[in-house]
Amino acid sequence: MAQRRSSAPRVLNLALQGGGSHGAYTWGVLDALLEDGRLAVEGITGTSSGAINAVVLADGWRGALAAGRDGAEGARAALAAFWERLAAHPSLLSLAPGGGLGGEHPMALWMDLVSRVWAPAQLNPLDYNPLRSALAESVDFDALRAACPFKLFLCATRVDTGRARIFREYELTLEMPLASAALPYSFRAVEIEGVSYWDGGFVGNPALWPLFYSTKSRDLLLVQINPLRRAELPRTAQEIVDRSAEISFNATLLSEMRALAFVQRLLQEGSLDAKVYKDIRVHLVAGDAALEAFGADSKYATAPAFLRRLCELGRTDARAWLAQHARDVGRRSSVDLIRTFL
């Protein structure tokens, strides 16, 4: 049971990156934050698995409050139940020896090859998506629309224009987090009100700007699971493809961080009106070190032991961040934007 703190919690916004099943690392981070109890959440922006974690957390909190129970504990239970359900619907890669780990496994190589020759509609004519059933069993979207405890911002990419679409908590349907997680080589585009959407990582992983316009908190905690750096040069064709995708999915984040750093500098110089522009305090829990040992193909793995391992890695990193930086929330940034992102 979480130990709730007697002092008023400090309010922040959460920004949750996507990265397939590596989102189980984010599950661990969120579990540790909820257990600690020193921080309160105003808004959550998420893309792909980050969007899914956001929706499951919010509905778990809502359901617990409706039942007269602690919201944080309800959110923790809901996240654990969701990832357990997802593990019960394994992907093809997770059925391969090694739990989907190791891009040189013949099954992994074969699946990568065919995904570049045949479209998802050809490979998966019945449109099987394990996320759909796991989410449908985990979230009451009607109830969440009516009484969401947080502001939610789920990012998806319009296929026709290439622009971002941000779905809000008051309009949420099952299709919206699925759209945010619809990788075009793996799943069909998700149609919502006559518009087709792909994974939001192309245009915001995650999208930070909705938080600046639609929330009051100046503190932002980014949970990063898509590596900014790789120590070794990609050499095989698969490694090159994987690293190219990581770079692409980090491009918008780097752009937004560059803009944030620019605004911070102008505010410090007095060149901008502090009453008009927010001086955002940025915090970071990064999975780079913890996730570096896992190849990009492991983002498709849903073996229960693997997901639990990622969760524990996230919990460990979040506890370390809390011990070092929880008191910075509401006071100052705990990450150097230039050194870390630029």
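Two residues are in contact when they have heavy atoms within 4.5 Å of each other. Keep that rule at hand for this tour of a predicted model, where local features need pLDDT of at least 70, side-chain atom pairs count only at pLDDT 80 or more, and totals for chains, interfaces and linings use all residues. Residues are numbered from 1 along each chain as its sequence is written, and side-chain values use heavy atoms, with hydrogens and water left out.

**Stop 1: Lys 299**

Select Lys 299. Leaving aside neighbours within four places in sequence, Lys 299 is in contact with Gly 19, Gly 20, Ser 21, His 22, Asn 226 and Glu 246. Now show the side chain of Asn 226. A polar contact of 3.0 Å joins it to the side chain of Lys 299. (A polar contact is a pair of N or O atoms within 3.5 Å; within protein, one must be able to donate a hydrogen and the other to accept it, and residues adjacent in sequence count only if both atoms are side-chain atoms.)

Is Lys 299 buried or exposed? Lys 299 is buried, at a relative accessible area of 18%. Buried means under 20% relative accessible area, exposed over 50%, and partly exposed in between, using a 1.4 Å probe and protein chains only.

Lys 299 sits in the loop between helix 12 (288-291) and helix 13 (304-325). Helices (H or I, at least four residues) and strands (E, at least two) are DSSP runs, numbered from the N terminus.

**Stop 2: helix 13**

Move on to helix 13. Its 22 residues reach 31 Å from first C-alpha to last, close to the 32 Å expected at 1.5 Å a residue. That expected span is 1.5 Å times one less than the number of residues.

Colour its buried residues, among them Phe 306, Leu 310, Trp 321 and His 325. What covers the buried residues of helix 13? The cover includes helix 1 (23-36), strand 2 (39-47), helix 3 (71-87), strand 7 (219-224), strand 8 (281-286) and helix 12.

**Stop 3: aromatic pairs**

Rings of Phe, Tyr and Trp (its six-membered ring) pair if their centres lie within 6.5 Å; planes under 30 degrees apart count as stacked, over 60 as edge-to-face and the rest as tilted. The count comes to six aromatic pairs.

Select Trp 61 and Phe 150. They form an edge-to-face pair, 5.2 Å centre to centre, with 75° between the planes. Trp 61 lies in helix 2 (residues 49-66) and Phe 150 in the loop between helix 8 (141-146) and strand 3 (151-158), so the pair ties together parts 89 residues apart in sequence. Trp 61 is partly exposed, at 22%. Phe 150 is buried, at 6%.

Finish with Trp 27, Phe 82 and Trp 83, which ring pairs link into a cluster.
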